[in-house]
Amino acid sequence: MADLQDKYIVFGAKTKCSMGLRESQLVLPQDHGIFIRGKAQIHVKDKEAFTNIIPFGGCKSAANPDTAMKMAQKGIALPPLSFAGTFCMPAVPALCAGTCTPVITAAEWDDGNEFTDIDDEKALLGRCTLTCAYGGVIEITDAGQS
């Protein structure tokens, strides 16, 4: 059985964000016509927030305007800009977590499989990552094939 890093990713794969409060999953509104174990395979351009990436509950990044607003309402000073995204510690997410609204500016997930095409795009693998504009790194934790 292949390690997660080398597995192809399909509809329902589990994901996590380093700034998020909970795990989430990848979805496709329309399949690409390629399936693994009856589940639609995903490629590197399937990276849109709310369309492909379901939000991660709350967001611990002070760079997220909603988190910054909640911190200000509670009288917690915003960190210097160079520390934005690392201020809120996982031990206090209920105190400062804002609403997770991923902002993906990258053209695609990093490190896709260039040897496997899905609609002329690289296949998404378990090793691929995506970065949110608020500093969170989105990783795949389960390929979704089971």
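The questions below move from the whole chain to its strands and then to its charged pairs.

User: How many helices and strands are there in the chain, and what pattern does the chain follow along the sequence?

Analyst: This is a predicted model, so every value here is computed from predicted atoms. The chain holds two helices and 10 strands. Read along the sequence, these elements come in the pattern β-β-β-β-β-α-α-β-β-β-β-β.

User: What share of the residues in the chain is buried?

Analyst: A residue counts as buried when its relative accessible area is under 20%. Of the 146 residues in the chain, the buried ones make up 43%.

User: Which strands of the open sheet stand at the edges?

Analyst: Four strands form this open sheet, with antiparallel pairing, in the order β2-β1-β10-β9. A strand at the edge has a single partner strand, so one side of it is left without a neighbour in the sheet. The strands in that position are β2 (24-25) and β9 (129-131).

User: Within this sheet, what is the bridge partner of T15 in β10?

Analyst: Strands of a sheet pair through backbone hydrogen bonds, either parallel or antiparallel. Here strand β1 (residues 14-17) and strand β10 (residues 137-142) run antiparallel and are joined by four bridges. In β10, the residue that partners T15 is I140.

User: How many residues apart are K16 and E139, which form a salt bridge?

Analyst: Side chains of opposite charge can pair when their charged atoms come close. In the salt bridge between K16 and E139, the closest N and O atoms are 3.8 Å apart. The pair links distant parts of the chain, since K16 is in strand β1 and E139 is in strand β10, and their separation is 123 residues.

User: Are K16 and E139 buried, exposed or in between?

Analyst: Buried means under 20% relative accessible area and exposed means over 50%, so a value between these limits counts as partly exposed. K16 has a relative accessibility of 39%, while the relative accessible area of E139 is 33%.

User: Which parts of the chain does the salt bridge between K122 and E108 tie together?

Analyst: The closest N and O atoms of K122 and E108 are 3.0 Å apart. These two residues are 14 residues apart in sequence. K122 lies in one part and E108 in the other, so the pair ties together strand β8 (residues 121-123) and the loop between β6 (98-99) and β7 (113-118).

User: Which residues are linked with D111 in a network of salt bridges?

Analyst: D111 forms a salt bridge with R127, and their closest N and O atoms are 3.0 Å apart. D111 lies in the loop between β6 and β7, and R127 in the loop between β8 and β9, so the pair ties together parts that are 16 residues apart in sequence. The network of salt bridges that holds D111 also includes D6 and R127.

User: Which residue in the hairpin of β7 and β8 takes a positive phi?

Analyst: Strands β7 and β8 run antiparallel and are joined by three bridges, and in β8 the bridge partner of I118 is E121. The hairpin has two residues between the strands, and the residue that takes a positive phi, near 50°, is D119.

Conventions:
Residues numbered from 1 in each chain as written. Predicted model: local features only at pLDDT ≥ 70, side-chain atom pairs only at ≥ 80, totals over all residues. Heavy atoms only, no water. Buried < 20%, exposed > 50% of the residue type's maximum accessible area, 1.4 Å probe, protein only. Pairing = 2+ DSSP bridges. Salt bridge = Lys/Arg side-chain N within 4 Å of Asp/Glu carboxyl O.
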